[in-house]
Amino acid sequence: SPPLPHSPSLAFSPADGGSTLAAAYADGTVRAYDVQRQSSSSSSGFVPPPHRSYALHPGGCESVSFSADGRLLSAGEDGRVCFTDLRSSRPVEKVKVGNGACALIGVDA
């Protein structure tokens with residue numbers, strides 16, 4: 001199988017007890033994995049496909065984090081921070097924070 005694209009950032013959602021893992025990828029996507037469901041279906045170490053994928057950042061996604069209510073935050077090479085509601089699978093808001101890459105975000109609960 002082909003190698004996975006580099007993932008510089010991973011985050012677990014606090015809203016669902018940590019069963020959702022989000023990963024930022026260099027191709028600009030954020031992928032969400034249901035680790036409880038997928039860990040029971042795969043014991044070989046193979047990374048199963050994500051249950052959701054979002055194309056959010058042209059040029060690359062650098063960082064992901066979750067808010068306490070489970071909204072996904074991502075930051076990218078496009079200088080934007082995206083807020084995504086995973087229940088509706090749609091970006092809620094995109095905020096331009098600079099002209100260069102936004103490399104790191106965090107949430108203060």
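These are my notebook entries on one predicted protein model, written for someone meeting it here.

**Ground rules**

I number residues from 1 along each chain as its sequence is written. The model is predicted, so I kept local features only at pLDDT of at least 70 and side-chain atom pairs only at pLDDT 80 or more, while totals for chains, interfaces and linings use all residues, and side-chain values rest on heavy atoms, with hydrogens and water left out.

**Entry 1: the overall layout**

I began with the elements and found one helix and eight strands in the chain. Helices (H or I, at least four residues) and strands (E, at least two) are DSSP runs, numbered from the N terminus. Reading along the sequence, I wrote down the pattern β-β-β-α-β-β-β-β-β.

Next I looked up burial: 40% of the 109 residues count as buried. My cut-offs are under 20% relative accessible area for buried and over 50% for exposed, with partly exposed in between (1.4 Å probe, protein chains only). The chain exposes about 6100 Å², and carbon and sulfur atoms supply 53% of that area. Those areas come from the Shrake-Rupley method with a 1.4 Å probe; for residues, only the protein chains shown count as cover.

I also checked contacts, meaning heavy atoms within 4.5 Å. Among those between residues at least 6 apart in sequence, 38% join residues at least 24 apart.

**Entry 2: the sheet E5-E6-E7-E8**

In what order do the four strands of the open sheet lie? I read the order as E5-E6-E7-E8, with antiparallel pairing. At the edges are strand E5 (61-66) and E8, each of which pairs on one side only. Neighbouring strands here are turned by 20 degrees against each other on average, direction ignored. For such angles, the axes are lines fitted to C-alpha atoms (for helices over the stretch in contact), and values run from 0 to 180 degrees between N-to-C directions. Two strands pair if DSSP finds at least two bridges between them.

I then followed the strands one by one. Strand E6 (residues 72-76) and strand E7 (residues 80-85) run antiparallel and are joined by four bridges. They form a hairpin with three residues between them, and glycine 79 in the turn has a positive phi of about 75 degrees. Leucine 73 has phenylalanine 83 in E7 as its bridge partner.

On to the next pair: six bridges join E7 to strand E8 (residues 90-96), again antiparallel. This hairpin has four residues between its strands, and serine 89 in the turn shows a positive phi of about 60 degrees.

**Entry 3: threonine 84**

Proline 91 in E8 stands opposite threonine 84. Leaving aside neighbours within four places in sequence, the contacts of threonine 84 are Tyr54, Leu56, Arg71, Leu72, Arg90, Pro91 and Val92.

**Entry 4: tyrosine 33**

I turned to strand E3 (residues 29-34), where tyrosine 33 sits. Tyrosine 33 counts as buried because its relative accessible area is 7%. Its side chain makes a polar contact of 2.9 Å with the side chain of tyrosine 25. A polar contact is a pair of N or O atoms within 3.5 Å; within protein, one must be able to donate a hydrogen and the other to accept it, and residues adjacent in sequence count only if both atoms are side-chain atoms. Tyrosine 33 and alanine 22 are 11 residues apart in sequence, and their C-alpha atoms are 6.3 Å apart.

**Entry 5: salt bridges**

How many salt bridges does a search of the whole structure find? I got two. The criterion is a side-chain nitrogen of Lys or Arg within 4 Å of a carboxyl oxygen of Asp or Glu. Side chains of opposite charge can pair when their charged atoms come close.

Aspartate 27 is partly exposed at 45%, whereas arginine 31 is buried at 14%.

Another joins arginine 71 and aspartate 69 at 3.7 Å, N to O. Here arginine 71 is partly exposed at 31%, and aspartate 69 is partly exposed at 42%.
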